[in-house]
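Hi,

Here is the structure I promised to pass on to you. Have a look at it first, and then read my notes below.

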Amino acid sequence: MISFKNLSAGYGPCDVLQNQSAETKSGELIALIGPNGCGKSTLLKTLCGIIVPSSGQVSVGDKSLSEINLKTRAKHIAYLAQSREAMPSMSVEDVVRLGRAPYRGGLGKISTDGESAIASALSRTQSDIFKSRRFDSLSGGEQARVLVARALAVEAPILLADEPIAALDPFYQLSMMQILKAEAASGKTVITALHDLSLAAQFADRIWMMHKGKIIADGTPPGVLTAENLKTVFGIKLPKGGFKSLELAD
Amino acid sequence: MKLALLILGTITVLLISLFFGAADLSVSQTLSALFGQGREIDITIVQELRLPRALLGAVIGAGLGASGAALQGYTRNPLAAPGILGFTACAALGAVTALYFGFNQLVPLAALIGTALGALLILKIAGPRKGASTLILAGVGVGALATALTGLIMNFAPNPWALSEIVYWLMGSLKNAEMGGLMVCAPLTALGLALLLFVGPDLRTLSLGEETATSLGVSLGKVRILLIAGTALCVGSGVAIAGAIGFIGLFVPHIVRLIFGPDPMKLIPLSALGGAGFLVFADIITRALTGPGTQLYLGILTSLIGVPFFLYLAVKETRT
């Protein structure tokens, strides 16, 4: 669905991401792992057009991203930023409503389809129970859910999420991963940057392991999370008995 | 209900302002004169002096209020105001240059040219792909340069009369308001307001941060150009006719936000309405406090109200 070829990108004159290529399929949950500063956020931002690549190209279907106008691009690729920024006094529903911005008409009117997308996003993230509350009155975990709902409300076939579970407790981490998994299962391409290797192993269909601006391993969780890769990239040992799965209590 | 009160309040203030002035006219004389009845002199006073003054105050106040709301929405900073982008200072530099050379008739045109040059310079420095903080820094820098050059011109004023002209002009006033000024100011402000209203939905999306807004199809470059052009038109045309009137763009959006909530899309038109009402109200006070031989300038009054409010906000912001 989304692919990139010989992609280099960064901030200013230095390229963080160096000459990388990969292709994805619909229905895949791809976990992007790697140490801080390895280029995960840079890759996600370049894929959705926030950063303009210094060379190479990103393609959505058979079209180059640079040939697609901003609004159309926004309808194809939803992006969930690492920062949890929103207007503090805005209601939860209004924050989620912003996900329909790419479809907005001249007077900011939202269509019936748009309203049902908003309702569905609120319900899938279980944010509908506090949809009338102010954003700043929510806990960190609840705010994260609302921002995921905002990204889901775009109803884009591609979802890029930058560390959506950072700073969340285990319950919300698991719930969030289940939401992302369900999105992929519904036929979307989901790429998410993660620091939790256990959750990556448990939920991802495919892992891209990044090191110093390059994807050094691309494959299934067992194929990528090998003792050698973990030592090279993170400087850690493979846990005895492998990575353990977590389950929500009944 | 709240909106109806705001509209009603603004219209009431506009009507009340027609009853204030140096000439002693009764309520019935004023109303008759407004509709072209009564003595010739009364009709002239009401239709050619008081009415343009009230309308000009409303137009300038609307432009300043809307600009402040748009800039606060864009920078996501409650301390942002039209003055921060340096447009007031650039317009003042243009006007002061005209006054220095004795071209008093060309003051509005010179102020508009000053604003346009300032806007182009800020756009050049802030560039199409830079963030809100770069825009503010560019605005503060350009404004400081314009203020310094204004000081230089005053330093070399050819005579005390020219200097006093400049100083009084910088204090801001609607006392010289007439229909001609309104005809220049109103269309330019209307165009500026239209640009700011157009950018409102994007400002709402920008509340999620610049990166997320970009991913939602907002063109930051387009927003910046519309915002600068809209603010420059509103502020530049106001300063061109009435001189420097500060702080309306800072505190009117705040008060409106407290009543109507934070959505920049709604805040821009509502602050325009609030700004119109407030500026006309402030002008009524200057006229009420002005006695024979003394003149209270509008810009001084709005600053005297605005500065304590600014300090209050600054302290509140640093405590939260």
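Let me start with A:Glu28, which counts as buried at 9% relative accessibility. The cut-offs here are under 20% relative accessible area for buried, over 50% for exposed and partly exposed in between, with a 1.4 Å probe and protein chains only. Before you go further, note that this is a predicted model, so local features need pLDDT of at least 70 and side-chain atom pairs count only at pLDDT 80 or more, while totals for chains, interfaces and linings use all residues. Residues are numbered from 1 along each chain as its sequence is written, chains are lettered from A and ligands numbered from 1 in the order in which they are written, and side-chain values use heavy atoms, with hydrogens and water left out.

**Salt bridges**

The partner of A:Glu28 is A:Arg206: the two form a salt bridge, with the closest N and O atoms 3.1 Å apart. (A salt bridge means a side-chain nitrogen of Lys or Arg within 4 Å of a carboxyl oxygen of Asp or Glu.) A:Arg206 sits in strand S9 (residues 206-211) and A:Glu28 in the loop between strands S2 (14-23) and S3 (29-33) of chain A, so the pair ties together parts that are 178 residues apart in sequence. Helices (H or I, at least four residues) and strands (E, at least two) are DSSP runs, numbered from the N terminus. A:Arg206 is buried too, at 14% relative accessibility.

Over all chains there are 17 salt bridges. Another one joins A:Glu115 to A:Arg97, with 3.0 Å between the closest N and O atoms. A:Glu115 is in helix H4 (residues 112-124) and A:Arg97 in helix H3 (residues 92-97) of chain A, so this pair ties together parts that are 18 residues apart in sequence. A:Glu115 is partly exposed at 32%, and A:Arg97 is also partly exposed, at 23%. Both belong to a network of salt bridges that links A:Glu93, A:Asp94, A:Arg97 and A:Glu115.

In chain B, have a look at B:Asp283 and B:Arg53, a salt bridge whose closest N and O atoms are 2.7 Å apart. This pair links distant parts of the chain, helix H12 (residues 264-289) for B:Asp283 and helix H3 (residues 40-75) for B:Arg53, 230 residues apart. Both residues are buried. B:Thr286 is also in helix H12 of chain B and is buried, with a relative accessible area of 1%. Not counting residues up to four places away in sequence, B:Thr286 touches B:Arg53, B:Leu296, B:Tyr297, B:Leu298 and B:Leu301, where contact means heavy atoms within 4.5 Å.

**Cores**

The largest nonpolar core has 79 residues, and B:Leu56, B:Ile60, B:Tyr74, B:Phe87 and B:Leu203 have the most contacts inside it. Helix H10 (residues 220-242) of chain B gives the most to this core, with 12 residues. By nonpolar core I mean a set of buried Ala, Val, Leu, Ile, Met, Phe, Trp, Tyr and Cys residues joined through side-chain atoms within 4.5 Å. Leaving aside neighbours within four places in sequence, the contacts of B:Phe87 include B:Pro82, B:Thr115, B:Ile122, B:Ile228 and B:Val235. A second, separate core of 56 residues includes A:Val92, A:Leu98, A:Ala151 and A:Leu194.

**Where the chains meet**

Chain A puts 24 residues into the contact and chain B 21 residues. Between them they bury about 1,900 Å², 61% of it on carbon and sulfur atoms; buried area is the accessible area (1.4 Å probe) that two parts lose on being put together, summed over both. On the chain A side, A:Glu85, A:Met87 and A:Leu98 lose the most area to chain B, together 27% of what that side buries.

The interface has 3 salt bridges. A:Arg104 forms a salt bridge with B:Asp202, the closest N and O atoms being 3.1 Å apart. Helix H2 (70-76), strand S6 (77-80) and helix H5 (140-152) of chain A each supply at least two residues of the side touching chain B. The largest share of that side, 3 residues, comes from H2(A).

B:Leu106 lies in the loop between helix H4 (87-100) and helix H5 (107-126) of chain B and is partly exposed, at 42% relative accessibility.

Cheers
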